[in-house]
Amino acid sequence: MNNSPDRVLTEKGESLPGCGAGSGRIKFVDTAKGICILLVVMYHAGVVDNDTPCLSMLRMPFYFTLSGLFFKDYGGFRTILKKVNRLLVPFVFFYTLSYLSFIATRVMAGQEVEIPFFAFVTSKEMVNVALWFLLALFWANVCFLMIYKASANRYMTALLSLAVGGGGMICFDHYGVRLPLFIDSGIAAVPFYCLGYMLKSTDILYPNRYDRYALPAAAVLIAAAVWCFFFGDRPYVSFRTLYIGENFLLYYVGAISVVIAFMLLCKTAGAVAGLRYVGRYSLIVLGVHVAVMSVASRGLEFFGMSLDDAYHSLAVFLLTAMLSIALIPVLKRLFPRFTAQRDLITDNMLRRLGSGRSETRSVEG
C-alpha cells in the first residue's frame with residue numbers, strides 16, 4: 001500500500017466536508033494566509049519590523065511551509081507547468097503593472113527612472129520588492145521536486161532538503177555567491193518547504209483526537225519561539241537578501257515552532273470570513289500592495305499627513321489594505337489567467353503547439 005503523504009492528504013481531504021473535490025479548500029488555511037499577508041503589508045508600511053518578537057520567524061517561513069504542505073507530484077513536467085501558471089505568470093503580470101506605475105509616478109514627479117526593468121534578473125533590486133517571493137517560491141518548488149524524485153523515502157527527502165537548503169544558505173552568506181532570478185533564495189527556503197511536506201503526513205490539517213491539545217501545544221511552541229528570539233538576541237535570516245544574522249540556528253528552531261503554533265491557533269479559530277477572503281486571494285494582495293502603498297502614502301502627504309506623524313504608518317497600512325482588497329474582485333474578474341485563478345498555459349495548448357511544429361517539419365521534409 002502506498003502510504004506517501006500525497007495519498008494520506010488526498011484520502012483525508014475526500015472524507016471531510018469542505019475539503020474534498022467540491023470545495024478543494026481547507027478553510028482555516030485561508031484564514032492563516034489572510035493574517036500573514038496582512039502582516040506582510042504591515043511590515044512594508046512600517047507598522048511592525050524585525051524587532052517585533054517572532055514576526056520575521058513567521059512571515060516568509062509560513063508561506064514556504066504552506067506551499068510544501070500542498071506539494072503534489074503530477075509528473076515532473078506537469079508539476080512545473082502548474083507552478084509556472086501559479087507563480088511565474090502572476091509575477092510577470094504584477095511586475096509589469098508595478099513597473100508601469102513606477103514609471104508614471106517618477107515622470108509625474110519629474111524624476112529619472114533609475115531602475116532598469118530587468119534589474120531583478122542579476123540583482124536583488126526590483127521595483128515591487130514583494131514579488132521576489134514568487135520567483136523564490138517557484139525555484140523552491142523546482143528544487144524540492146528534484147530532491148523528491150531522487151529520494152527513496154520522505155526521511156531521505158528531509159535530509160537532502162536540509163543539506164541543500166542549509167548548505168546553500170551558508171554558502172550564499174559566507175562566500176557571497178549569488179544566482180540570478182532569486183534561484184538562490186528559493187534554494188535557501190527548501191528546508192521550510194520540506195517542513196510543510198513532512199507535516200503533510202500528520203493530522204495537522206484535519207480534525208483529529210489531538211485537537212483538544214492544540215491550544216496548550218501552541219502556547220508551548222510560542223514560548224519556545226519567544227525564548228529563541230530573546231535568548232538569541234533577535235536572530236534574523238533574510239531569504240531575499242540571503243543574510244544570516246547571529247545565532248541563526250535559534251532562528252530556525254523558533255521559526256519552526258512559531259509556524260506550527262500559528263497553524264494550530266488558526267485551526268482552532270477556524271474560518272473567519274473576512275480573513276478567509278483575503279487569504280484566498282492573498283497572491284493578488286501581494287502583487288498590488290507595494291504599488292498601492294506608494295499611491296496611498298503620496299495621497300496622505302497631499303492631505304497634510306507627513307512621514308513624521310505618529311500615525312502615518314498605521315494610516316498607510318489601513319489605506320493600502322483597503323485599496324488592495326478592493327482590487328481583488330476587479331483583477332480576478334478581468335485577468336483570471338494572470339492572477340492564478342485559471343491557467344494561462346495548458347497541456348492542450350502545448351500539445352497543439354507541438355503538433356503544429358511536427359506538421360511543419362513534415363511539410364519541409
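A charge is taken to sit over a ring if NZ of Lys or CZ of Arg is within 6 Å of the ring centre and within 35 degrees of the ring normal. K82 lies over the face of Y74 in this way, at 4.7 Å from the ring centre. The charged end of R59 likewise sits over the ring of Y43, 3.9 Å from its centre.

The model is predicted, so that local features need pLDDT of at least 70 and side-chain atom pairs count only at pLDDT 80 or more, while totals for chains, interfaces and linings use all residues. Residues are numbered from 1 along each chain as its sequence is written, and side-chain values use heavy atoms, with hydrogens and water left out. The pLDDT, which is the predictor's confidence in each residue from 0 to 100, has a mean of 87 for the protein chain, and 90% of the residues reach 70 or more. Over residues 7-23 the pLDDT is below 50, and this stretch has 26 contacts (heavy atoms within 4.5 Å) beyond near neighbours in sequence.

Aromatic rings also meet one another. Rings of Phe, Tyr and Trp (its six-membered ring) pair if their centres lie within 6.5 Å; planes under 30 degrees apart count as stacked, over 60 as edge-to-face and the rest as tilted. By this rule there are 36 aromatic pairs. The rings of F118 and F120 have centres 6.4 Å apart and planes at 40°, so this pair is tilted. Buried means under 20% relative accessible area, exposed over 50% and partly exposed in between (1.4 Å probe, protein chains only). F118 is exposed at 58%, whereas F120 is buried at 6%. One aromatic cluster includes W132, F133 and Y251.

Two residues other than glycine have a positive phi. For L242 the angle is about 65°, and for N247 it is near 55°. L242 lies in the loop between β1 (237-238) and β2 (243-244), and N247 in the loop between β2 and α11 (248-269); helices (H or I, at least four residues) and strands (E, at least two) are DSSP runs, numbered from the N terminus. L242 is buried, with a relative accessible area of 1%, while N247 is partly exposed at 37%.

Helix α14 (residues 312-334) has 23 residues, and its end C-alpha atoms are 33 Å apart.

Definitions and conventions
Expected span 1.5 Å × (residues − 1).
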